[in-house]
Amino acid sequence: MESLKQYDEEAHKWLTENSSPYHWSRSHFRTIPKCDILLNNLCESFNSVILEAREKPILGMLENIRMYLMERLRTKREWIRKRTENLCPKNQKKLEKAKEDAAFNIARFSNDSKFEVTHMYGEKFVVDLEKRVCDCRRWELTGIPCSYVVCCISLIGEELESFVNQCYSKDAYVRAFEPAIEPINRPNAWPNSKKDPIHAPKKQKLLGRSKKGAR
C-alpha cells in the first residue's frame, strides 16, 4: 500500500476509503475456505454452459439445466471412482511443483514441530507442522503444503499427502458428488398444479457487450 501511495496518492485514497483488503489481498484472506483465488471462473464456466438454455422459456430452461446437472454429477462420480490416487489431479500437480521448489530451501529444526526455513535467495520462513502454518500463508490459505513446508516434511521423513487438507481427498470428492438428481417423467404425467402459471420476467437490456454465442 505504501508503494501505491508513492505512485498515486489518489488511487491509494480511493482504495482505502472504498474497499477492504479482505476482498482483494491474500495477506488478509480468511483461511477457512482453503482458497486463494480472486477470480469467479466457476460462475463464468457455468454461464457459458447454459447459454442455449437461457434462451428458452422458463420450464424448458430449467429442464435443460436439470438434465445437464444430472449427467454432470454422474460423470464426475464415475471418474473419481476409477482413480487410485488419494488426491485429485490438479492438487497432486501442485504438490509435485512444491516438491521441486523445495530443493531451493534448507530447513533447520527448532523443536519437534517447528522449523526455520531459509530460501537460496536469503528469505526466511517459520513453519509449524503441528499447527499447520507457514509464514508465507500459502499452506493456510490453500490447504496444500508450500515448498517451505515440503522441505520440513521431507526432513522428518513423513508422507507429504498426509499434510494436505482433507477437502482435496478422494473421499471428499466422492461425498461432494454422491447426491444424484432423480429422473422425472414426461410433462403430461406431472400432477396438475393449482398455483398461478409462471410468466417470463420483463426483458431488460444489460450494459456491456453481449456474450450470446460465446464459447
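Trp 24 lies in the loop between α2 (9–18) and α3 (41–49). Helices here are DSSP runs of H or I with at least four residues, strands are runs of E with at least two, and both are numbered from the N terminus. The model is predicted: local features need pLDDT of at least 70, side-chain atom pairs count only at pLDDT 80 or more, and totals for chains, interfaces and linings use all residues. Residues are numbered from 1 along each chain as its sequence is written, and side-chain values use heavy atoms, with hydrogens and water left out.

Trp 24 has 33% relative accessibility and so counts as partly exposed. That class lies between buried (under 20% relative accessible area) and exposed (over 50%), with a 1.4 Å probe and protein chains only. Trp 24 also belongs to a nonpolar surface patch with Met 1, Ile 37, Leu 38 and Leu 39. Together these residues have about 520 Å² of accessible area. Areas come from the Shrake-Rupley method with a 1.4 Å probe; for residues, only the protein chains shown count as cover. Patch residues have over 30% relative accessible area and no salt bridge; nonpolar side chains (Val, Leu, Ile, Met, Phe, Trp, Tyr) are joined within 5 Å, like charges within 9 Å. A salt bridge places a side-chain nitrogen of Lys or Arg within 4 Å of a carboxyl oxygen of Asp or Glu.

The loop between α2 and α3 also holds Lys 34. Its phi is near 55°, a positive value in a residue other than glycine. Lys 34 is partly exposed, at a relative accessible area of 22%.

Strand β2 (residues 114–119) pairs with β3 in the antiparallel sense, over five bridges. Pairing requires at least two DSSP bridges between two strands. Glu 116 stands opposite Val 126 in β3. Four residues separate the strands in the hairpin of β2 and β3, where Gly 122 adopts a positive phi near 105°.

Strands β3 and β4 also run antiparallel, joined by two bridges. Here Val 127 faces Cys 134 in β4 as its opposite residue. The loop between β3 (124–128) and β4 (133–134) contains Arg 132. This hairpin, too, has four residues between its strands, and Arg 132 takes a positive phi near 60°. Arg 132 is not a glycine. Its relative accessibility of 34% makes Arg 132 partly exposed.

An unreviewed UniProt entry annotates residues 132–159 as "domain: Zinc finger PMZ-type". UniProt positions follow the numbering used here, feature names are shortened, and annotations may be inferred rather than shown by experiment. Over residues 132–159 the chain is 54% helix and 7% strand. The end C-alpha atoms of this segment are 14 Å apart.
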